[in-house]
Amino acid sequence: MHEMSIAMSIVDAVAAKAGEEHAQKVNGIELEVGKLSGVEIESLRFCFSAVAKNTIVEGADLAVREVQPLGECSECGRRFPMSFHYAKCDSCGSFKTDLLSGRELSIKSITIE
Ligand SMILES: [Zn+2]
């Protein structure tokens, strides 16, 4: 499962960071997830609590912020919200558009004790 491996890498990264900081406990993790990342947030939460069990990350609050995908037209330079990977520019109608953001999955911050 896709979300399971993501959850494992989040827990690994956070546990490593918490270890570096000599933390006793991780209270919260803030994630930023692009709407086109293909990640099921509910499923990620479920996997996260399973993976975090018996680690320093167990019980941490997972705050997920969804990022609205943003595209840019390479013909006219217009930036606009995209709902699909390939979208038409809403200004000039060109299909030469790039996805600037919306696929990311990143840890924005962690709160430790
Ligand atoms: Zn355009």
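**A chat about a predicted protein chain**

Colleague: How confident is the predictor in the protein chain?
Modeller: This is a predicted model. The protein chain averages a pLDDT of 94, and 99% of the residues score at least 70.

Colleague: Which elements have the lowest and the highest mean pLDDT?
Modeller: The lowest mean belongs to strand 5 (residues 97–101), at 91. The highest is that of strand 1 (residues 26–34), at 97.

Colleague: How many helices and strands does the protein chain have?
Modeller: There are 2 helices and 6 strands in the protein chain. Along the sequence they follow the pattern α-β-α-β-β-β-β-β.

Colleague: Is the chain a compact globule or more spread out than one?
Modeller: The protein chain is more spread out than a compact globule, because its radius of gyration is 17 Å, well over the 13 Å that the globule rule gives for 113 residues. Along the principal axes, its C-alpha atoms fill a box of roughly 55 × 25 × 15 Å.

Colleague: And what percentage of the residues count as buried?
Modeller: Of the 113 residues, 24% count as buried.

Colleague: How many bridges join strand 1 to strand 6?
Modeller: These two strands are joined by 7 bridges and run antiparallel. Val33, for instance, has Leu105 in strand 6 as its bridge partner.

Colleague: A new topic, then: where is Gly93?
Modeller: Gly93 is in the loop between strand 4 (79–81) and strand 5.

Colleague: Does Gly93 count as buried or exposed, and why?
Modeller: Gly93 counts as exposed because it has 10 C-beta neighbours inside 10 Å; the cut-off for exposed is 12 or fewer.

Colleague: How far apart are Gly93 and Ser109?
Modeller: In sequence, Gly93 and Ser109 are 16 residues apart. In space they are 38 Å apart, from C-alpha to C-alpha.

Colleague: Lastly, what percentage of contacts between residues at least 6 apart in sequence join residues at least 24 apart?
Modeller: In the protein chain, 71% of those contacts join residues at least 24 apart.

Note on methods. Residues numbered from 1 in each chain as written. Predicted model: local features only at pLDDT ≥ 70, side-chain atom pairs only at ≥ 80, totals over all residues. Helix = DSSP H or I, 4+ residues; strand = E, 2+ residues; numbered from the N terminus. Rg over C-alpha atoms; globule rule 2.2 N^0.38 Å. Buried ≥ 20, exposed ≤ 12 C-beta atoms within 10 Å, placed from the backbone. Contact = placed C-beta atoms within 7 Å. pLDDT = per-residue confidence, 0-100. Pairing = 2+ DSSP bridges.
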